[in-house]
Structure formats: structure tokens, C-alpha cells
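Have the structure open as you read.

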Amino acid sequence: MKTTKGRAGMAKHKGTSWHGRLIAAALGVTALAAATSVWTAQAGTVAAGPRTSVSSPEAKPQDRVAKVAVDIAHASDRGPKGVNITIDDGPDPTWTPQVLRLLKDSGVKATFCMVGTQAEAYPNLVKAVVADGHRLCNHTVSHDTAMDKKSEAYQSQQILDAERMITKASGGVRPQYYRAPGGAFTPYSRQLAASRGMRPLGWNVDTKDFEHPGVDAMVATVKSEISNGPTVLFHDAGGDRSQTLAALREVLPWLRQQGYSFGFPVR
């Protein structure tokens, strides 16, 4: 099991034109970060030390959340023979429904790491993910893989706005994890996410499906690297995900044959 911190053990994904469009689409939101004192005020509170629970400035008592561990999770709640299937960058109107259908047919629950702008655009898909018993993960507003080089105010806006977008789109179900785009975690972003009840989430096996390496290559990667740890990375947005679907159809039954069971990342 890898016990990596930050990006260690997690290949940093390169930016793509799709991610560039996401960032452009979110500029109207990100431009507020520097001028919005509430994010900076909350950021200072988090940096000063953990609290038992925190809430957004307008939160009601029932909206308060308990903090979780700040270290990056890799382990499965199903123990040493557990596997965590994680699906990033959606939801997507073409591919997310197909991924959901495949997971349901396979009897597998997964963790969906959603981009805030995507969740806001397709709330019915967010609700469908929740209805099928999967868990939600915060993947920031605009999937900026260089956010670890940006200010704390910017990081705060990316995480907290995405939390709000995903929670609203889901009908009130909060994301339970935070995965930094491309593994671009910082001590500050991990602490902030944890204070909001979102466990920082890494991965052990990167199928590199975003690069369309071919189904055989993706399946071979899972088979050869699953011994590194249980959290496997796939995507359901950002382009043609037909290879992802085909790889999942082979990988899921193979993992069961090897004695693995499917769970969620530890919190």
C-alpha cells in the first residue's frame, strides 16, 4: 500500500484543451476569489488549526460537518482485498449513464469525483449517481491541474464553490472526498477539504484512460499494478470514453475472480 503524500505515487495529469475549456467556463466564478473576503477569512481559520466542525458563512446548524483526516486516503473500507473504483471529471451526458449502467449490471459501487461546472450543468446525472448508491467526490470547480501553484484564496474558492455546486446538484448530498486535479494537493487544500468533511483522495492505479492507450493496455495496467494499492482511476468525461467502458467490462469480473471485493475509500 502506498502511503504517499502530495503527488507522490500519483502521476500528475497534463492539461488538455478540454480542461482549458472548463477553466474558461469557470472564470466567472474564479474571478470572485480575490475580491471575496469570506473565502480568505475561512481559509485563515482553517490554516490556524483544526476544528471539530465548520460551516460555510450562511450555513444553518444542520449543515455543519465533522472534519475528517487530512492525510491522502488510498485504502479501502473493505480491507486488504478491497478495491475502490473511482471515476473522474464528470458527469457527462454521453458517458456517465453508460458507466452507471455497467456498474449496476456488475453490482459495483464507485466513487465519482465530479467537476463543479459539470455537476452544475447536469444535476440529474449527479442525482442518478447518488440514487445508485455511489459516493461523491469534489474535483474542484474547473479542474486546474496547476492549482497547487495558486494562492490559498484561489484554492479555497475552487474547493468550496465545487462543494456547493455538487451538493446543490445532488439535492443535498455532500461530497465525502476531495481529489485535487492531477494530484495537485497542498497542505492547505488538504486541511481545508478535511475541515469540510471531505477526505483527501489519492489513487494507486492510473489506467491512463484519458490518453486512450487501448483497452488491452488499460486492463494490463490494472492487473499488474493492483498490488500497489486498491484505488483505481478511470474517467467518465473529457472525450471518448468507449475504451474506459470496455476496460471496465474486463477488469471488474477479473478482480472478483482474484478474490477482491468493491468498496469505498476510507474516511
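What follows goes from the overall picture to the local detail.

First, the ground rules: this is a predicted model, so local features need pLDDT of at least 70 and side-chain atom pairs count only at pLDDT 80 or more, while totals for chains, interfaces and linings use all residues. Residues are numbered from 1 along each chain as its sequence is written, and side-chain values use heavy atoms, with hydrogens and water left out.

The protein chain has ten helices and ten strands, which are DSSP runs numbered from the N terminus (helices are H or I with at least four residues, strands E with at least two). Of its 267 residues, 55% count as buried, meaning under 20% relative accessible area, with exposed over 50% and partly exposed in between (1.4 Å probe, protein chains only). Take the contacts (heavy atoms within 4.5 Å) with a separation of 6 or more: residues 24 or more positions apart account for 78% of them.

Now zoom in on helix H6, residues 123-131. Its buried residues are Leu125, Val126 and Val129. Seen down the axis of H6, these fall within an arc of 105°, so they line one face of the helix; the arc is that of the directions from the helix axis to the C-beta atoms. Asn124 and Ala131, on the other side of H6, are exposed. What do the buried residues of H6 pack against? Their partners are helices H4 (96-106), H5 (116-121) and H7 (152-170), plus strands E4 (111-114) and E5 (135-138). Just after H6, glycine 133 takes a positive phi of about 90°.

The pairing with H7 has its own geometry. H6 and H7 pack at an angle of about 75°, their axes 7 Å apart; the axes are lines fitted to C-alpha atoms over the stretch in contact, and angles run from 0 to 180 degrees between N-to-C directions. On the H6 side, Pro123, Val126, Lys127 and Val130 make the contact, and on the H7 side Ile166, Lys168, Ala169 and Ser170.

Finally, the backbone. Most residues other than glycine have a negative phi, and most peptide bonds are trans. The loop between E3 and H4 holds aspartate 89, whose phi is near 85° and which is buried at 1% relative accessibility. Histidine 143, in the loop between E5 and H7, has a positive phi of about 55° and is buried, with a relative accessible area of 2%.
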